[in-house]
2 protein chains.
Amino acid sequence: MEQLKPSPPNNPPLTPLTFLERAATIYSDIPSIIYNDTVFTWSQTHHRCLQLASSITSLGIRRGNVVSTVAPNIPAMYELHFAVPFTGAILNNINTRLDARIISNILIHSESKLVFVDCSARDLVLQALSLFPSKQRKPLLILIKDESFETFETIETIQTNENGSSSSTVDFISTYEDLIQKGDPNFQWIYPDSEWDPMLLNYTSGTTSSPKGVVHSHRGTFIVTIDSLIEWTVPKQPILLWTLPMFHANGWSFPWGIATVGGTNICVRKFDAEIVYSLIKKHHVTHMCGAPVVLNMLTNSPDNKPLEKTVKILTAGAPPPAAVLFRTESLGFTVSHGYGLTETGGLVVCCTWKEKWNMLPATERARLKSRQGVRTIGMTVVDVVDPSTGESVKRDGNTIGEVVMRGGCVMLGYLKDPEGTANCLKNGWFYTGDVGVMHEDGYLEIKDRSKDVIISGGENLSSVEVESVLYGHSAVNEAAVVAREDEFWGETPCAFVSLKNGLKEKDIPTEKDIVEYCRKNLPHYMVPKTVVFKDELPKTSTGKIQKFVLRQIAKDMGPIRKSRM
Amino acid sequence: MEQLKPSPPNNPPLTPLTFLERAATIYSDIPSIIYNDTVFTWSQTHHRCLQLASSITSLGIRRGNVVSTVAPNIPAMYELHFAVPFTGAILNNINTRLDARIISNILIHSESKLVFVDCSARDLVLQALSLFPSKQRKPLLILIKDESFETFETIETIQTNENGSSSSTVDFISTYEDLIQKGDPNFQWIYPDSEWDPMLLNYTSGTTSSPKGVVHSHRGTFIVTIDSLIEWTVPKQPILLWTLPMFHANGWSFPWGIATVGGTNICVRKFDAEIVYSLIKKHHVTHMCGAPVVLNMLTNSPDNKPLEKTVKILTAGAPPPAAVLFRTESLGFTVSHGYGLTETGGLVVCCTWKEKWNMLPATERARLKSRQGVRTIGMTVVDVVDPSTGESVKRDGNTIGEVVMRGGCVMLGYLKDPEGTANCLKNGWFYTGDVGVMHEDGYLEIKDRSKDVIISGGENLSSVEVESVLYGHSAVNEAAVVAREDEFWGETPCAFVSLKNGLKEKDIPTEKDIVEYCRKNLPHYMVPKTVVFKDELPKTSTGKIQKFVLRQIAKDMGPIRKSRM
C-alpha cells in the first residue's frame with residue numbers, strides 16, 4: 001500500500017474554475033446571464049471569460065497578483081469570478097458602499113495591480129486613488145460602462161478627478177468591453193500549481209473598524225461551492241436572482257455553483273421589493289440569497305402578494321427573527337437558514353429541515369428555523385467550546401460558548417497579518433468570535449457576536465434574544481439592541497427601533513409601550529432600559545445592521561445614572 | 001501570500017466517513033435501512049457502526065489492514081462501509097459470484113486479516129480457505145446470520161467444512177450481531193492520517209482472467225461521493241432500492257452518498273423483476289442503480305405495469321441499447337446514463353440531459369441518451385486520444401481513440417502491481433482501455449472495450465453498434481457480439497442472441513432472418529457472419545455479459561473458411 005502515492009492522473013488541483021468549460025459543453029445555448037436586455041449563453045460566457053483573461057494577462061498580470069473589482073451584481077462582476085483566477089491572479093472584490101479612505105487602504109494593503117470599476121463607482125475609486133501617498137504605485141483602472149445606468153458618462157469625459165489631479169495618473173486604460181473584444185477566445189487559462197494556491201481575497205465588511213484580508217484557496221472554494229449546492233439541493237438549471245452582492249463573500253460561492261448546474265444568473269444593479277417581485281415574475285426565478293433584512297423588505301413591501309410559484313431563499317448573516325421568517329414563508333417563499341463567515345467562504349452550517357417539523361405550530365417552526373443548524377459536508381467539525389477550558393459546552397441549548405470549527409472551507413488566513421491569523425487559527429480550530437449554544441439535538445444556535453453580548457449585573461445576556469422579542473411587536477419594522485453603560489448594572493440593553501410605515505396614530509408605540517411589551521415577554525434583566533426610535537437603522541451594504549454605529553450613539557448618550565428599576 | 005499554508009483548521013483530511021455522524025444528528029429517527037422486517041434509524045446505524053468498529057479493533061485490526069466482505073446487499077454490508085474504515089482498515093468487498101479459487105487468490109493477494117461472510121457464502125468461503133497453501137496464514141471469519149435466508153444453519157452446526165478439514169482452522173470466531181452487541185458505541189473512530197490513505201480495495205470483476213486490486217483513497221471516495229450526488233441531483237431523504245451490488249465498485253459510492261442526504265436504503269438479498277416492482281410500490285422507492293441488464297429485466301417482465309410515481313434509474317457498465325432505454329422510460333422510469341470503471345470509484349462521465357432534447361422523436365432521444373456524456377465535476381479532463389500520437393481525436397463522432405481521464409476520482413493504483421499501475425497511470429493520464437469517440441457537442445460515446453473492437457478486413461468495427469441493431473429486433477431479448485476468426489477477413493462478427501419468452505412459432509427468427517435484418521440496418525462489413533441462439537447469455541454478478549466466455553465459444557468453433565459473402 002505504501003507504494004501508492006498521489007500522481008498527476010489522480011491529483012490535479014481541485015478548483016471550481018473547471019466548471020465553466022463543462023457548463024459551456026453541456027448548457028451551451030442555455031442563458032447564463034440575463035441583465036435588462038442583455039442575455040448571454042454559457043457558450044458566450046465561456047468565450048468572454050477566456051477573452052477577458054487573455055487581455056488581463058496581456059496587461060502584465062501574473063500568477064499571484066491581486067486584481068480588484070468595485071461593482072454591483074452586473075454581468076461583468078459574474079465574468080470576473082472566472083476571468084481573474086483564469087490568469088492565475090487573485091480576485092479581490094471590494095464592497096461598493098465603503099468610503100474612499102477604506103478603499104484606498106484596501107488597494108494599498110492588497111497591492112492590487114488592476115481594478116475593474118463599475119461606472120457608478122468611478123468617482124469613488126478615483127477619489128480613493130487620490131488618497132494614495134505620492135510615491136505609492138497605483139493600480140491600472142478598467143471602466144465597466146453600462147448604458148442602462150442613468151448617470152453614465154463616457155470615458156472621454158474623464159479628464160480630471162474630483163481632487164483636480166491630472167488625468168494621466170488616474171486614467172482608465174480601457175473599457176471592459178474593449179478588453180473582451182481584444183482577447184483571444186482560445187486562451188489557455190493558468191491552472192493553479194497547487195490547490196492551496198490563493199484564489200480569493202475578501203476584506204471583512206465594515207462592521208469592525210479594521211478590515212482584514214481573508215484569503216481563500218482554490219481547494220477551499222471548490223469545497224464550499226459543491227457543499228452549498230448539496231446543502232441547498234440546487235437542481236439543474238435553476239434561475240438565481242442575485243439579491244446577495246457578489247462582493248459579499250463572493251455571493252456565498254454561487255457564481256461557481258450556478259455554472260456547475262447550468263443555471264441562469266439574473267443580474268440586478270440595485271434592488272428594492274418592487275424590482276425583486278417583478279423580476280421573480282418575469283424570469284420565473286427559483287432561487288435567491290440574502291441577509292434577513294431582504295426577507296424583511298419583501299414582507300413589508302406593498303407589493304408582497306403571495307407568489308405564484310415557490311421561490312427558495314437562502315438566508316444568513318444575522319440570526320433572523322422568528323416573526324420575519326414566519327411572515328416570509330406565508331408569502332410562498334421557502335426559507336433555508338444557514339451560517340458562515342467571510343473566513344469560511346460561504347455557508348458552512350445549515351438548519352437542515354426535518355419533515356416532522358412541518359407538523360408543529362407555526363411559531364415553533366419559525367423558532368426551529370431561526371437556529372443555525374448543523375455543519376455542511378465540507379466541514380469536519382463545528383462545536384461550541386468554553387473559551388477558558390477549550391472543552392465542548394453542554395448540549396443543553398443554554399450554556400454559552402465560542403463557536404469553533406475545522407474543515408475544508410476555512411480560509412488560508414489573513415493577508416500580511418500573521419498575528420491575526422494565529423489568533424483565530426490555533427489549537428486545530430478556527431475560532432469564529434461568535435457566541436452560541438449547542439442544542440440537545442446537535443443544532444447550533446448563534447447567540448451573538450462575542451462583542452454583542454451584554455453583561456448586565458454580571459448576567460450575560462444576548463442582544464439577539466431581546467431583538468427577537470422586539471420583532472414580535474406588531475408595530476416594529478426593525479430592531480437592534482446594544483449595550484449602554486449603566487452606573488449600577490454595568491451595562492443595560494439599549495434598543496434601537498424603526499416602526500412600520502402607515503401605522504395609525506393610536507398604534508404608534510411610545511418608549512414606555514415598548515418597555516411594557518418587553519417586560520411581558522422577557523426576564524426583567526433583559527428588558528431594555530433605553531428605547532430609541534429611528535426612521536431607519538444604519539446598515540452595511542449586505543443589509544447587516546451596523547451595530548458599531550449604534551454602539552457609538554449609545555456611548556454618546558453617556559451612562560444611565562439611576563437605573564435601579 | 002507565501003506565508004499562508006494549509007494548517008489543521010483548514011486541512012483535515014477529506015473523507016466521507018464524517019457523513020454518518022452528521023446523518024445521525026440531522027436524520028436521527030429517519031429510517032436508514034429497511035430489510036424485510038428489519039428497520040434501523042440513522043441514530044441506530046451510527047451507534048451500530050461505532051460498536052462494530054470497536055469490536056473489529058479489539059480483534060487486533062489496525063490502520064492499513066485489509067478487511068474483506070463476501071455478502072449481498074444486506075444491512076451488514078451497508079454498515080461495513082463505515083465500520084471497517086472507522087478502524088483505519090481498508091474495506092475489500094468480494095464479488096459473491098466468484099468461485100472459491102478466485103476468492104482464495106484475492107484473500108491471499110490482499111493479505112486480508114478478517115472476512116465478513118454472509119450465511120449464503122459460508123461454504124464458498126470455507127472452500128476458498130481450504131485452497132490456501134498449508135503455511136499461508138488464514139484470515140479470521142465472522143458469520144453474518146440471516147433468519148430470513150432459507151438455507152440458514154446456525155453457527156453451532158459448523159463443525160467441518162466440505163473438504164473435511166478440522167473446524168479449528170476455519171471456524172467462525174463470532175457472529176456479526178455478537179460483535180456489534182459487544183462493541184462500544186462511544187468508540188472514537190480512527191481518522192485518516194492523510195486524505196490519501198487507502199480506504200478501499202476492489203478487485204476488478206471477472207470479465208478478465210486476472211483480477212487486479214484497485215485501491216482508492218479517502219479523498220477520492222469523498223470526491224466521487226459528492227460528485228454523484230450533484231450529477232444525479234439527489235434530493236434530501238431519497239429512497240434507494242439497492243439493485244446494484246455494493247460489492248460492485250461500492251455501489252458507485254452511494255453507501256456514503258445516501259448518508260449525506262439522509263436517505264433510506266432498501267436492502268434486498270436477491271432480486272428479480274417481481275421483487276423490484278413490489279418493493280418500489282411498498283417503500284415508495286425514488287432511486288435505483290443498475291447495469292442495463294436491469295433495465296432489460298424490468299421491461300421484459302410480465303409485472304411491468306407503468307409506475308404510479310417516477311423512479312430515477314442510474315445505469316452504466318455497458319452502453320445500453322437505445323431500444324432498451326426507450327422501453328424503460330415508457331414505463332415511467334427516468335433513466336440517467338453514465339460511465340465509470342472500478343478504477344474511478346463510481347460514475348465520472350454522465351449523459352447530462354438537455355431540456356431541448358425532450359422535443360426530439362423518441363428514437364433520437366434514446367440515441368442521445370445512450371451516449372456516455374460529459375465528465376462530472378470531480379474530474380478535471382476526460383478526452384479521447386489517438387493511442388499512437390497521444391493527441392485528441394477529432395470531435396466528429398466518428399474518429400475512434402482511447403478514452404483517457406484525469407481527476408480526483410481516479411484510483412491510487414493497483415495493489416502490489418507497479419507495472420500494471422504504471423501501464424495505465426502515465427503521461428498525466430489514466431488510460432481506461434476503453435475505445436470511444438468524441439461528438440461535436442463534447443459528449444463522449446464509448447464504442448467498446450479495446451478488446452471488443454472487431455477488425456474485419458482492416459476495418460475497425462464496434463461490436464456495440466451491431467448489438468444495438470440486434471436489440472432493435474422485435475424477437476430479441478439480449479444480444480452480444482464478439483470477433484470470430486475468419487480466414488478471409490481476419491475477423492468477422494459473431495452474434496450470440498437470446499430470444500424473448502412466449503414468442504409465437506411464426507415469430508421465432510432463424511439465423512438467416514437475423515442476418516437479413518442486420519443487412520437492412522448495418523453496413524455490410526458489420527453484419528454478423530455467425531448467429532448463435534442461446535437460452536440465456538452468460539453474465540457477471542453485476543449483469544455484464546461475460547464476453548470472454550462467448551469469445552471462447554467463438555474460438556472453439558474454429559475459423560470461418562469461405563467467407564467471401
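Which side chains meet in a salt bridge at 3.9 Å, N to O? The side chains of A:Lys236 and B:Glu231 do. All views below come from a predicted model.

**View 1. A:Lys236 and B:Glu231 meet in a salt bridge.** A:Lys236 sits in the loop between H8 and strand S10 (239–241) of chain A, and B:Glu231 sits in helix H8 of chain B, so the pair joins two chains. A:Lys236 is partly exposed, with a relative accessible area of 27%. B:Glu231 is buried, at 8%. Side chains of opposite charge can pair when their charged atoms come close.

**View 2. Chain B meets chain A through 69 residues on each side.** The area buried between the two chains is about 5600 Å². Carbon and sulfur atoms give 62% of that area. The interface of chain B and chain A holds ten salt bridges. One salt bridge pairs B:Arg22 with A:Glu231, with the closest N and O atoms 2.8 Å apart. Between the chains, 24 residue pairs are in polar contact. On the chain B side, the elements giving two or more residues include helix H1 (19–26), helix H8 (218–231) and strand S21 (429–438). H8(B) provides the largest share, seven residues. By class, this side of chain B has 36 nonpolar, 18 polar and 15 charged residues.

**View 3. A:Glu195 and A:Arg219 form a salt bridge within chain A.** Their closest N and O atoms are 2.8 Å apart. A:Glu195 belongs to the loop between helix H7 (176–182) and strand S8 (198–203), while A:Arg219 belongs to helix H8 (residues 218–231). The partners are 24 residues apart, and the pair links distant parts of the chain. Both residues are buried. A network of salt bridges links A:Glu195, A:Arg219, B:Glu195 and B:Arg219. Over all chains, the count comes to 46 salt bridges.

**View 4. B:Arg48 and B:Glu79 form a salt bridge within chain B.** The closest N and O atoms lie 2.6 Å apart. B:Arg48 is in helix H2 (residues 42–58) and B:Glu79 is in helix H3 (residues 75–86), so the pair ties together parts that are 31 residues apart in sequence. B:Arg48 counts as buried at 9% relative accessibility. B:Glu79 is buried too, with a relative accessible area of 0%.

**View 5. B:His218 lies in helix H8 of chain B.** B:His218 is buried, because its relative accessible area is 4% and buried means under 20%. Beyond its sequence neighbours up to four places away, B:His218 touches several residues, among them B:Leu14, B:Thr15, B:Pro192, B:Glu195 and B:Met199.

**View 6. Strand S17 (residues 379–385) of chain B has six of its seven residues buried, so it is largely enclosed by the rest of the structure.** Six bridges join S17(B) to strand S18 (residues 401–407), and the two run antiparallel. B:Met379 has B:Gly407 as its bridge partner in S18(B).

**View 7. S25(B) and S26(B) form a hairpin with three residues between them.** The strands run antiparallel and are joined by ten bridges. B:Val482 stands opposite B:Cys494 in S26(B). Strand S25 (residues 476–486) is mostly covered, with nine of its eleven residues buried.

**View 8. Nine strands of chain B form an open sheet with mixed pairing.** The order is S2-S1-S11-S10-S12-S13-S14-S15-S16. Strand S2 (38–41) and S16 are the edge strands, each pairing on one side only. Strand S10 (residues 239–241) and strand S11 (residues 264–266) pair in the parallel sense over three bridges. There, B:Ile239 has B:Thr264 as its bridge partner.

Definitions and conventions
Residues numbered from 1 in each chain as written. Chains lettered and ligands numbered in written order. Predicted model: local features only at pLDDT ≥ 70, side-chain atom pairs only at ≥ 80, totals over all residues. Heavy atoms only, no water. Buried < 20%, exposed > 50% of the residue type's maximum accessible area, 1.4 Å probe, protein only. Helix = DSSP H or I, 4+ residues; strand = E, 2+ residues; numbered from the N terminus. Pairing = 2+ DSSP bridges. Contact = heavy atoms within 4.5 Å. Buried area = accessible area lost by both parts, 1.4 Å probe. Salt bridge = Lys/Arg side-chain N within 4 Å of Asp/Glu carboxyl O. Polar contact = N/O pair within 3.5 Å; in protein donor to acceptor, adjacent residues only side chain to side chain. Nonpolar A, V, L, I, M, F, W, Y, C, P; charged D, E, K, R; others polar.
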